[in-house]
Amino acid sequence: MIALQLGIDNIVQGLYAGLSYGMILVLISAGLSLIFGLMGVVNFAHGALYAVGAYAGFLTLGVTGSFPIAVLGAIVGGAVVGAVMELSIIRPLYDRNPIYQLPVTFGAAIVLVEAIKFFIGSGNRQFAIPEYLSGTIPVAGYSFGLYRLFLIVSGLALVGGLWLFLVRTKYGLIVRAAIFDTEMVESMGYDVSRTYTLIFALGAVYAALGGVLIAPLFGLFPDMGTKIIIIAFIVVVVGGLGSFKGVVFSGLLIGLVQQFGRIYVPTVAEALPFLLMVAIILYAPKGLFGVEGVFTD
Amino acid sequence: MNLTDLSLAASSTQVRIVEARERIASALPGPVLKLLPYLVGLALIVGGLFLETHQLSILNHILILAIFGMAYDLLFGYTGLLSFGHAAFFGTGAYVGIYITNEYGLPFLVLLGLAVVVGLVLSLVIGVIALRTSGVYFAMLTLALAQLLYILARRFEEIGGASGLTAFGRPETVIPLDLADDFQFFVMTVLLLVGSYVVLRRILNSPVGDVFRAIRENEDRAEMVGYSTFHYKVASLSISGIFSTVAGVMFGLFLFFGSPNFLFWVISGDVLLLTLFGGAGTLIGPVIGAGFVVLLEEFLTPIIDDWRLILGIVFVLVILFFPRGIAGLFMEED
């Protein structure tokens with residue numbers, strides 16, 4: 001009985017932790033998928049943008065002491081850095097073999113991470129959970145951290161918002177149309193190059209949000225993006241390029257896989273997402289939700 | 001005068017450089033050109049005699065990375081496949097070198113043979129999975145597979161876990177060189193560098209090399225003409241993997257240390273970086289690139305802690321404005 005109870009305890013806690021972490025993955029991967037799926041750009045600096053968001057939020061928190069403004073700071077930081085990146089290093093490469101985007105964004109990632117180390121320092125930083133979001137809620141004998149609940153809720157809201165923007169607003173329609181047929185949209189009078197900058201900045205914003213929202217849980221350090229970006233790529237590949245549903249589903253899935261993996265098979269836990277990616281590429285190369293979804297329909 | 005060279009040259013400066021190169025090449029007697037790699041090797045060895053320990057160490061580092069870079073260039077510069085997982089070969093080589101030397105004390109040549117086998121097997125495994133895709137997907141797959149190895153290496157305590165493996169010594173060898181001595185180890189590195197270059201050059205100058213180039217230029221057309229491009233890609237990856245593993249073995253023995261970090265994707269990025277810097281598709285480009293990157297670190301480190309910041313900026317600038325790298329200034333892609 002006790003074993004069963006412990007088992008259920010593990011499952012419940014695992015679900016909760018996995019979903020909240022998975023939501024962060026969804027945010028980052030949504031940004032990555034936006035950029036990759038819509039623009040065809042492989043953004044290797046996405047992990048660095050995640051770190052930039054966390055640090056921008058951290059600095060803003062230091063100055064203002066307010067969590068909401070810190071999140072805003074992260075959004076602004078992400079948007080600005082993303083836009084500058086697109087304008088300065090991605091745009092010149094549109095005419096060239098797209099494979100060059102990989103090394104150039106890799107270089108940008110190095111620059112961003114080193115810049116963080118240079119201006120702020122290489123040590124770990126702590127990011128305080130705001131008062132009103134700390135503590136736990138007791139539900140049915142379990143206690144759930146309030147902040148993780150906030151993560152799940154805000155993650156859903158943010159991703160939902162992105163989806164609404166792309167599917168339900170006029171500008172979102174222009175964005176999707178511009179990717180689908182750039183010339184046509186241009187001949188209708190819209191400035192498509194601005195659209196590209198917007199998409200890249202938007203993708204960067206979502207990475208930044210992922211960074212600032214997870215910072216209170218795990219702290220900040222300059223290299224925080226280097227490992228998570230690989231997981232984000234896996235999420236995008238597993239979910240299916242250009243599929244919104246896919247990103248949400250696979251982000252949560254992989255968050256859960258990692259969490260439960262850590263509990264039940266700790267030796268290989270870290271390897272599980274990679275094995276999943278290999279399996280998908282071999283047997284379902286378009287990803288789980290490959291063709292459908294907001295981006296490609 | 002080589003018309004093709006001229007027609008490909010983009011500016012009058014480049015025309016002049018090409019003309020100068022042609023003139024030098026035709027002025028030198030044929031045998032000298034053929035022996036050039038060996039002469040360079042000899043020059044390196046003789047030059048090494050005059051270097052202090054620290055400088056020799058830097059040069060050794062450069063030459064090992066040069067082997068890695070040339071191997072990478074075969075796949076990237078000549079066959080057109082961008083792998084982001086070459087750290088898998090390099091890191092595995094380091095582990096193989098140290099583990100085998102520590103546990104079994106096998107002689108150096110046997111160790112090299114083993115490295116070749118391991119490199120081949122690893123390339124085939126990675127190739128079977130990753131070569132079904134191309135372009136960005138290939139890059140991401142190789143990345144994922146290398147990261148998988150990184151994770152596994154960190155987990156297995158038998159090979160040191162997260163702290164890595166330390167070598168107790170270097171292997172014995174029948175070649176009259178004592179690898180434990182820094183200078184003689186350096187000589188071995190030079191020998192391997194020259195040997196690798198000659199072999200790779202041979203392969204590239206052969207019909208196989210031409211198929212690699214064909215795949216780079218237009219894989220579909222190569223397929224139409226009748227080549228089984230998949231098999232040639234596997235071959236390219238295998239050769240590249242083998243030489244990368246050998247470079248890794250030397251690196252591990254050089255540092256007396258093998259770490260999971262040698263399998264981390266940043267290493268894969270670094271070899272791409274130095275290949276692009278030096279000039280992809282030239283084979284000597286990566287040698288120059290390796291020198292550039294290591295020396296940049298050497299000179300910048302005392303001045304500024306964040307020399308990698310400068311490296312990153314320079315790298316981005318090179319891709320934007322000098323995509324053909326340093327060697328690309330004097331020669332076209334081969």
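Let's begin with Thr229(B), which lies in helix H10 of chain B, a helix covering residues 229-255. The model here is a predicted one. Thr229(B) counts as buried because its relative accessibility is 2%, and the cut-off for buried is under 20%.

What does the side chain of Thr229(B) make a polar contact with? Its partner is the side chain of Glu219(B), at 3.1 Å. Once neighbours within four places in sequence are set aside, Glu219(B) is again among the residues that Thr229(B) contacts, together with Ile215(B), Ala222(B) and Glu223(B).

## Chain B as a whole

Zooming out, chain B contains 13 helices and two strands. Its C-alpha trace spans about 60 × 50 × 45 Å along the principal axes. The radius of gyration of chain B is 20 Å, which agrees with a compact globule, because one of 334 residues would have a value near 20 Å.

Of the 334 residues in chain B, 55% count as buried. Among contacts in chain B with a separation of 6 or more, 77% come from residues 24 or more positions apart. The chain exposes about 14,400 Å², and carbon and sulfur atoms supply 67% of that area.

## A hairpin in chain A

Over in chain A, strands S1 (residues 136-139) and S2 (residues 142-145) run antiparallel and are joined by four bridges. Thr136(A) stands opposite Gly145(A), a residue of S2(A).

How many residues lie between S1(A) and S2(A) in the hairpin? There are two, and Ala140(A) in the turn has a positive phi of about 50°.

How values were computed. Residues numbered from 1 in each chain as written. Chains lettered and ligands numbered in written order. Predicted model: local features only at pLDDT ≥ 70, side-chain atom pairs only at ≥ 80, totals over all residues. Heavy atoms only, no water. Buried < 20%, exposed > 50% of the residue type's maximum accessible area, 1.4 Å probe, protein only. Polar contact = N/O pair within 3.5 Å; in protein donor to acceptor, adjacent residues only side chain to side chain. Contact = heavy atoms within 4.5 Å. Pairing = 2+ DSSP bridges. Rg over C-alpha atoms; globule rule 2.2 N^0.38 Å. Areas by Shrake-Rupley, 256 points an atom, 1.4 Å probe, with all protein chains shown as cover.
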